[in-house]
Protein chains: 6
Amino acid sequence: MSGAQSELRLPQTLVDQAIAAALGEDLGLAGDITTEAAVPLEARASGVVGARTAGVVAGLQLVQGAFKALDPHATVDVLVPDGGNVDANGAIARVTGNARALLTAERVAMNFLGHLSGIATLTRRYVEEIKGTAAHIIDTRKTTPGLRAFEKFAVRAGGGLNHRFGLCDAILIKDNHIVAAGGIGSALQRAHARAGHMVKIEIEVTTLAQLEEALAHAPDAVLLDNMPLDRLKAAVTLVAGRVVTEASGGVNLETVRDIALTGVDLISVGALTHSAPSLDVGFDFEPAD
Amino acid sequence: MSGAQSELRLPQTLVDQAIAAALGEDLGLAGDITTEAAVPLEARASGVVGARTAGVVAGLQLVQGAFKALDPHATVDVLVPDGGNVDANGAIARVTGNARALLTAERVAMNFLGHLSGIATLTRRYVEEIKGTAAHIIDTRKTTPGLRAFEKFAVRAGGGLNHRFGLCDAILIKDNHIVAAGGIGSALQRAHARAGHMVKIEIEVTTLAQLEEALAHAPDAVLLDNMPLDRLKAAVTLVAGRVVTEASGGVNLETVRDIALTGVDLISVGALTHSAPSLDVGFDFEPAD
Amino acid sequence: MSGAQSELRLPQTLVDQAIAAALGEDLGLAGDITTEAAVPLEARASGVVGARTAGVVAGLQLVQGAFKALDPHATVDVLVPDGGNVDANGAIARVTGNARALLTAERVAMNFLGHLSGIATLTRRYVEEIKGTAAHIIDTRKTTPGLRAFEKFAVRAGGGLNHRFGLCDAILIKDNHIVAAGGIGSALQRAHARAGHMVKIEIEVTTLAQLEEALAHAPDAVLLDNMPLDRLKAAVTLVAGRVVTEASGGVNLETVRDIALTGVDLISVGALTHSAPSLDVGFDFEPAD
Amino acid sequence: MSGAQSELRLPQTLVDQAIAAALGEDLGLAGDITTEAAVPLEARASGVVGARTAGVVAGLQLVQGAFKALDPHATVDVLVPDGGNVDANGAIARVTGNARALLTAERVAMNFLGHLSGIATLTRRYVEEIKGTAAHIIDTRKTTPGLRAFEKFAVRAGGGLNHRFGLCDAILIKDNHIVAAGGIGSALQRAHARAGHMVKIEIEVTTLAQLEEALAHAPDAVLLDNMPLDRLKAAVTLVAGRVVTEASGGVNLETVRDIALTGVDLISVGALTHSAPSLDVGFDFEPAD
Amino acid sequence: MSGAQSELRLPQTLVDQAIAAALGEDLGLAGDITTEAAVPLEARASGVVGARTAGVVAGLQLVQGAFKALDPHATVDVLVPDGGNVDANGAIARVTGNARALLTAERVAMNFLGHLSGIATLTRRYVEEIKGTAAHIIDTRKTTPGLRAFEKFAVRAGGGLNHRFGLCDAILIKDNHIVAAGGIGSALQRAHARAGHMVKIEIEVTTLAQLEEALAHAPDAVLLDNMPLDRLKAAVTLVAGRVVTEASGGVNLETVRDIALTGVDLISVGALTHSAPSLDVGFDFEPAD
Amino acid sequence: MSGAQSELRLPQTLVDQAIAAALGEDLGLAGDITTEAAVPLEARASGVVGARTAGVVAGLQLVQGAFKALDPHATVDVLVPDGGNVDANGAIARVTGNARALLTAERVAMNFLGHLSGIATLTRRYVEEIKGTAAHIIDTRKTTPGLRAFEKFAVRAGGGLNHRFGLCDAILIKDNHIVAAGGIGSALQRAHARAGHMVKIEIEVTTLAQLEEALAHAPDAVLLDNMPLDRLKAAVTLVAGRVVTEASGGVNLETVRDIALTGVDLISVGALTHSAPSLDVGFDFEPAD
């Protein structure tokens, strides 16, 4: 991958596996019967990956992976790197290689790019909405099954931060857990007893009384769920910087700035990964000379 | 899976593989450290899967698959089957089983259900928008990588039809193929020569002249891409029922009815699968007696 | 792969997976203990892939895949491409590379080549038997589990056409389906209601009465199963070109020409893929200078 | 699996993997669209697995595996076990279960059964041809990629014995190895130095002089390749029971008895696994009462 | 799994995958040819899993998984649960089922049990060595490839705690990272900028000066690597409870108590997972009545 | 892999799979968050793989595989090949490549190298202990699940020989099998009837009477289990070179020479693979110029 580069990087092993699976899904047993019928074996082509609407790019390793999986000698010249802004009708990358390979890989490449750029673009809108406040936008585990690593990468490309990646890497005690554990204090005590020294603990609260009880047991963070703005502000005051505060629930582009102005550290937005519309991207062949 | 049933059915082999992969993604190596800390090994629980907003349900085999993967004796009683309407705050299914299993599988189950129900819900909106016309809503290959079978199932649950499932099962000649093949006539000739007798052939055209040239070579369907309404109407008239007509490009909930009224047979909507917001579903434990 | 080339091409992703699996099956945990004992690590060798009996070649991508999997720098120079005729004792390809790699990959390469060339060779015999008629030879789903894509490729290399690739890409209503659906008319109605616009529908009939009933519901093709020649001829007359006609049952090299002369469009032959004897191929080292 | 039983048994883990792969190959993403259209979700059916021509049965674990993969409650009542003879038009097993499941699994089940029974049937013919001699029929590594364990099982079901299962479990020194090692003596010395105490060593020879050289280095077996009958007889005399003798090359049903009468211990037949025609098996639904 | 139970639990999905892989490794293509020869198909047996030497048990889910994979009706009655002490020649579990299944699964079951119990036993020795101090024993990422989840589970069964599970779930800055980042301060600044709010940060230091520099940038923990006892004690004093302290390097059963008495919070021991000798376990059939 | 080379070689297909799995285990979804934070994308580095204590090297293909998986252009210059001796603080290989890739792959590479070199080192100690006797050291099936091919390779690197690789490639009749078969004679008869001509048969005996009974049925080898030295000597005398003799049970570095001096051919040591401590290896970056 030559051209403009970002420091953002997905584990290449995940990229290769995802591309192989996606191509397998599209090719089935018979392969690309249209391209095989219409395009000569050794024809070559060049084309431009572009966006029909403006947005933030994410997923270029997958674009490259798709084209190179079918033509290892294909070249992908990046014009706008992951995390960069592309204008409406702007070019993202130029691709050259075997024509059949480009046509066959096109949809897989565009499906990844459109999906991930859609997430990066929506994330960027939230991030810009709260510019100037101290808050950060973070994602959730409400991701598309099979694509979590990629979607959380796209959130970073958009300027957001990542919440935990799975059930395995941090403790987040929710209402159902509290019921099962017999209360907030008991749940936090059990969590501290189980957590390794590299594992952080967060707990969900909805009232100030719950918050006080939680703070007495030293979590690393509190999830202030579905609180009205005044209660959120009171919660931030109560916490007084002792632990990280995360607001969730009822967050949208209209409400996010007011939430940020309450002083919370983090605002988690499930919609970033479960409801971002795809960025409208396409791949257009350039006429041969 | 007891309770209300639909005739719609996903291959169970695909369901099992998808659930195993999604649980693996969420559990990592350490597993659900929160639930293990907070909930006793043998505790039992019941809960209700419900929707916060109204919509069309899709994905109950995956909900069942997720819970049963972790507790084979869990019971899932379906209240609204795939394709059925759920009201805002309505219940979709009741689940009973080992409490740890239910908590650990919850997010995987909800991620599938929300994603697929979101697609079914959006599809239903398009379908209802064109009620009374002769047109049908169909999907595209613009699906989320890894989830095509599930997303196309959700389109059916919403009342839409499926376009081809992959590059392998039908011939769809697009503009780039036409260029590479040296024209519409040549592309269709090559396609007829290659296509098995169970393979249909569709070709993309954007002008009436192209349409005439295509019709001279007997495709099974024509994709009328990005045509203004009057040209679309003229195209339908020109086709005169000889082949299936599909309109694409610029389709949204505002434009779809006018497009349908041109007399086209099919209207393909990429947004069904790449931009449907998730339906807001959740799983709430019921208090024990 | 240098040398003579065919336009016929398997999805390379399928080739790579099949080679990895086949090598794994042959190597087990201990690897090729004979070659490791007998042949020095860095020895080089050249050899010729040839046929002991005349036939039609199919499977060169797999030959190349096997040798290159163990020596990425091996060269495979193709003398007779897929679909070409090889004489008895004729050479198909010349291979040069690391001696251990060539010896270890030899059986996997020859097993694929012999199996697929056997299918191509038998297909060619059927195709030549009906030369001058309007009929075509097609395959069935009676393929060796795991090898369908490759076997159907070999049928094409032999000059045959492919029937559907799986249960998923076309509707073929057989006798058991008709019983379950309550008759031919009902089965076809249900099929039309379910089929997407890119899905063709074929139905099996054994009598002229059934054929008439089927034609009334506009299938794309009819499978005329196990009909005696005169009935077959009458069926073709009855169809009068309205739908594709496929004859099946009792087809062998002695009967196929008479069947073709009835005027059917297609003759399906399960034996192509389930009973073709392997072409006798081998790999002989050339003496070093 | 109730009913008649054989002591012959495949590792169930291999059966389960092969069935999952074969169903996946046939179902693709869309599943069995014919059956889904024609057959109600909860319909039940019974049918008989039978043979159109007489033969030896092999593969019932795979038949059972296919049906039970799609309906875990299906019952498979075996009438002729693996290794048993079925008459022309005889019944092999009776199957009862969900009608959709039976129809969808039918082809996978029959493809395995026909392929493996074909191998068992051909093996049995060779075995019976040499009845009364001291020789045994054995297979080779010329198997269909991916199916070696199953095909070697079918050889046993037919009454044959198995040669090695892969490159990994025994040493078989062929002509190319001899060249690379610098002669028979050197090759056998290197093999003895490398072989563990549970690994046998066999070496290919084509002349009596080579045989004498080989015997001087104590192999466990000698492969007498492509020897005319008189030379074969002389070779057996020369060996005088010191090592196992295996004849190969030019073996067919016409020549095998004369080869056996030379006194060789084993006759290996590649055709058993690479060229056995499928046994003509089918699955017929029984009319409901 | 009936009988004595522990709250310690591995994700069952990991257990099932590991057992399938381990059985596949041992069975190859031919399966258990000894058992198949010697033991009748339907014979039943009972046996006792026991330890020849005293130790701490870990891995019973894998024991159960192995036996049940080959006989789903086998019963495993646990006498000493994970984390429990078994005496020399003491019984751990009683197993009953199909005799072939028990014999074939035995080695896989014992290999897992012996390996994991060996780790639990060694961990327990370290834990007991530092009894009465405030320190805890933790593991490292020096685990056997493919078995990390299981080995870290065994450490917990022995009474130890887990360090991070992979590169993905916490930041641990080592000497090479410090060099690459241009110093301790710069490395910690970059880490804070990158870390999500649920990700902890630890940094390796070897001198008190480095420790002071690190503390100025608020890590969650410091890894005091290869410090002599007096320096370690000084480091603990300097930290004064502000962050977690972990000692590593030169830890063995002779030195561990003195290290603990310096007041460090954690002592990490790579040997727990890379050098624990297997516990000597076996499976003995009980004579039938 | 340039530099010093060994003739010992693992199947590269197994190496590639093991490396991909091990990297996946360590990287999870988020990847190496430490290295990504601390090290620039394009930084380069060199380092030396070395041993802190003296030992025998094994596993360099895996070291190379790990580094090259993340940087295909990395170079690994081998200084001590598999099977060679490394001194305390000696260098094994020099590695150059992308700095991030080297840091991320380091632990996987070292975990394999330390584990396998530990086995090779322990094997070498046993081998040297019996120098001058006619006996050989062999391994068992008591290997770490998933790593058998690698651990048996390491035994060869240390100078030992391999027992069978799995249940599938040789017959080893143990006490439980004898009970199930109804005695030694019956068990051996059943084994001879089942075994192919390339399959060896070994049987476990503990008394001289059992040995005599076994010898009457011509096994290829006898496993003399847990015999005191005088009985072992008597057994060797009784066998008188007719079959291979293997001693097992109670073997350690103190007893192994006396066991060898009884005249047995083989001494099997489970501890080689289940209890060898890891060799202390590390990877140290070299300061840039």
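This is a predicted model: local features need pLDDT of at least 70, side-chain atom pairs count only at pLDDT 80 or more; totals for chains, interfaces and linings use all residues.
Biologist: Which element gives the largest share of the side of chain A that touches chain B?

Modeller: Chain A and chain B have 30 residue pairs in polar contact, both residues at pLDDT 80 or more; that means N or O atoms within 3.5 Å, within protein one able to donate a hydrogen and the other to accept it, with residues adjacent in sequence counting only if both atoms are side-chain atoms. Elements giving two or more residues to this side of chain A include helix H1 (12-27), helix H4 (99-129) and strand E13 (281-285); helices (H or I, at least four residues) and strands (E, at least two) are DSSP runs, numbered from the N terminus. With seven residues, the largest share comes from H4(A).

Biologist: How much area is buried between chain A and chain B?

Modeller: Contact (heavy atoms within 4.5 Å) takes in 56 residues from chain A and 56 residues from chain B. Buried area is the accessible area (1.4 Å probe) that two parts lose on being put together, summed over both. Carbon and sulfur atoms give 56% of the total, which is about 4,700 Å².

Biologist: What about inside chain A: how far apart do the C-alpha centres of domain 1 and domain 2 lie?

Modeller: Chain A is assigned domain 1 (2-120 + 277-285) and domain 2 (128-274), with bounds from an automatic or database domain assignment. Their C-alpha centres are separated by 35 Å.

Biologist: And how many salt bridges are counted between domain 1 and domain 2 of chain A?

Modeller: The two domains of chain A bury about 1,200 Å², 81% of it from carbon and sulfur atoms. On the domain 1 side, Leu8(A), Leu10(A) and Ile119(A) lose the most area to domain 2, together 41% of what that side buries. One residue pair is in polar contact, both residues at pLDDT 80 or more. The salt-bridge count here is zero.

Biologist: Over to chain C and chain D: which residue of chain D meets Asp26(C) in a salt bridge?

Modeller: Across the interface of chain C and chain D, the rule finds six salt bridges. In one of them, at 2.5 Å from N to O, Asp26(C) meets the side chain of Arg148(D).

Biologist: Which residues of chain C lose the most area to chain D?

Modeller: Here 55 residues of chain C are in contact with 56 residues of chain D. The pair buries about 4,700 Å², 56% of it on carbon and sulfur atoms. Together giving 14% of what the chain C side buries, the residues losing the most are Ile33(C), Pro145(C) and Leu167(C).

Definitions and conventions: Residues are numbered from 1 along each chain as its sequence is written. Chains are lettered from A and ligands numbered from 1 in the order in which they are written. Side-chain values use heavy atoms; hydrogens and water are left out. A salt bridge is a side-chain nitrogen of Lys or Arg within 4 Å of a carboxyl oxygen of Asp or Glu.
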